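Let's take a friendly walk through one protein model. Have a look at the structure first, and then we will go through some of its features together.

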Amino acid sequence: MYEPIRSKSAVHDVDGSHSSPQYPHSSRGEALDIQLAGHLAALLAVTDELGLEDGGAARIAEQVTRLRGSQPLRIAYPALSDGADTATLHRRAHDLAARALLVAASRADTAVAILAAQRMDTHAAAAHLAGTP
């Protein structure tokens, strides 16, 4: 059904090895760290935008610093107006925390998994209070 490959792979060097020093390679663990730091940084941005003062933002920032080796960039957002759709922001934060939880579970990072689960609970409750299911 399928025709076999007749030519040599483009990945092989002239000597037949698979390595290519011109391209940086990262391990699966490093790739998961980068992905996890990205999800947490996005969660931190939404948390800052919501203006929550429950200590969650500081704990998220600590984990991003640990994973990246540098502190995350933080922006001071103006206070949300009464008409702002906070429920949408809480749903977005909940989704980001869920993504962080999945990656944390993949890399067996218990501290981040617990933090992400707590943030999911916080934002689910807040979205529910704001009037969304």
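## Two helices side by side

To compare two helices, a line called an axis is fitted to the C-alpha atoms of each one over the stretch in contact, and the angle between their N-to-C directions runs from 0 to 180 degrees. The model you see is predicted. In it, helix α1 (residues 28–50) packs against helix α2 (residues 56–68) at an angle of about 155°, and their axes are 9 Å apart. That makes α1 roughly antiparallel to α2, because angles over 145 degrees count as roughly antiparallel. The crossing of α1 past α2 is left-handed.

Which residues in α1 and α2 meet? On the α1 side they include Leu 36, Leu 40, Leu 43 and Leu 44, and on the α2 side they include Ile 60, Gln 63, Val 64 and Leu 67. The residues of this contact divide into 11 nonpolar, three polar and three charged.

## A closer look at Gln 63

Gln 63 sits in helix α2. Is Gln 63 buried or exposed? Gln 63 counts as buried because its relative accessibility is 13%, and the cut-off for buried is under 20%.

The side chain of Gln 63 makes a polar contact of 2.8 Å with the side chain of Arg 66. Leaving aside residues up to four places away in sequence, Gln 63 touches Leu 40, Ala 111, Val 112 and Leu 115.

Most residues other than glycine have a negative phi. Ala 108 is not a glycine, yet its phi is positive, at about 60°. You can find Ala 108 in the loop between α3 (86–106) and α4 (110–129). With a relative accessible area of 65%, Ala 108 is exposed.

Conventions: Residues numbered from 1 in each chain as written. Predicted model: local features only at pLDDT ≥ 70, side-chain atom pairs only at ≥ 80, totals over all residues. Heavy atoms only, no water. Helix = DSSP H or I, 4+ residues; strand = E, 2+ residues; numbered from the N terminus. Parallel < 35°, antiparallel > 145°, perpendicular 65-115°, else oblique. Left-handed = near helix turned anticlockwise from the far one by under 90°. Contact = heavy atoms within 4.5 Å. Nonpolar A, V, L, I, M, F, W, Y, C, P; charged D, E, K, R; others polar. Buried < 20%, exposed > 50% of the residue type's maximum accessible area, 1.4 Å probe, protein only. Polar contact = N/O pair within 3.5 Å; in protein donor to acceptor, adjacent residues only side chain to side chain.
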